[in-house]
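This briefing goes through one protein chain, from its overall make-up to a few individual residues. The sequence and the structure come first, and the points follow by topic.

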Amino acid sequence: MSLNKSAKNIILILALVFAFGFSIVVHADEPVDDNDYSNEVVPGYEKTSRWSYTDSVHAALTLGSSGSSTATTGVEGYQGTTTKIIVYTYLQRLDGNSWTNVDSVSHTAYSWHAEYQDSMTTVSWGHDYRTRNSIYVYSGDSYENIVFYSNIHHYHSTSDNSNCVN
């Protein structure tokens, strides 16, 4: 069975229409933060917009297999606006239902950005730990205070958690 030239052209056109006509273009947008932070209040401090002198903050806690702990804190202000950054980092352990400070460190930077990595005390087996970071970011004599926490880490063996307190 042989098809004539026009039938072959019609089949080709239909194949192209199906191939390209029914294709779907997929585009994934980046997630957008639509939260309105204009009413955010830090208890005990005067309300400031989010944030006047601070662009970003980050905190991390690393626990080693021998119980060593390392706290990392970073602050980015605005060049030309931010003049000083004071960072207070507290290593905290969960005791029952409350967090207890077990070590602390502080730093002051006369700059618009700061990054610190500190060795903290050796942690005890079977507890949850985090860092609480109280950050003061200045522009001249005015400042804002940001309290920021690291993720919570549970210090125990992956194969034995029988002696865990929490």
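Accessible areas here come from the Shrake-Rupley method with a 1.4 Å probe. On that basis the accessible surface of the chain comes to about 11100 Å², and carbon and sulfur atoms hold 50% of it. The model is predicted.

**Overall make-up**

- The chain contains 1 helix and 8 strands.
- Of the 166 residues in the chain, 28% are buried.
- Among contacts with a separation of 6 or more, 63% join residues 24 or more positions apart.

**Thr 73**

- Thr 73 belongs to strand β2, which covers residues 69-77.
- Thr 73 counts as buried because its relative accessibility is 3%, and the cut-off for buried is under 20%.
- The side chain of Thr 73 makes a polar contact with the side chain of Asn 133 at 3.0 Å.
- Another polar contact links the side chain of Thr 73 to that of Thr 89, at 3.4 Å.
- With neighbours within four places in sequence left aside, the residues in contact with Thr 73 include His 58, Ala 59, Glu 115 and Ile 135.
- Val 87, Ala 114 and Tyr 116 are also among the contacts of Thr 73.

**Nonpolar cores**

- In soluble globular proteins, nonpolar side chains tend to be buried together.
- The largest nonpolar core in this chain has 12 residues, among them Trp 51, Tyr 53, Val 57, Val 75, Ile 85 and Ala 109.
- Val 87, Ala 114, Tyr 116 and Ile 135 are also members of this core, and these four residues are in contact with Thr 73.
- Another core, of 7 residues, lies apart from the largest one and includes Leu 61, Ala 71, Leu 91 and Tyr 129.
- Ile 146, a member of the largest core, is in contact with Trp 51, Val 57 and Ile 135, among others, when neighbours within four places in sequence are left aside.
- Thr 54, Asn 133 and Ser 134 are also in contact with Ile 146.

**Charged pair**

- Side chains of opposite charge can pair when their charged atoms come close.
- The structure holds 1 salt bridge.
- Arg 93 and Asp 95 form a salt bridge, with 2.9 Å between the closest N and O atoms.
- Asp 95 counts as partly exposed because its relative accessibility is 26%, which lies between the cut-offs of 20% and 50%.

How values were computed:
Residues numbered from 1 in each chain as written. Predicted model: local features only at pLDDT ≥ 70, side-chain atom pairs only at ≥ 80, totals over all residues. Heavy atoms only, no water. Helix = DSSP H or I, 4+ residues; strand = E, 2+ residues; numbered from the N terminus. Buried < 20%, exposed > 50% of the residue type's maximum accessible area, 1.4 Å probe, protein only. Contact = heavy atoms within 4.5 Å. Polar contact = N/O pair within 3.5 Å; in protein donor to acceptor, adjacent residues only side chain to side chain. Salt bridge = Lys/Arg side-chain N within 4 Å of Asp/Glu carboxyl O. Core = buried A, V, L, I, M, F, W, Y, C linked by side-chain atoms within 4.5 Å.
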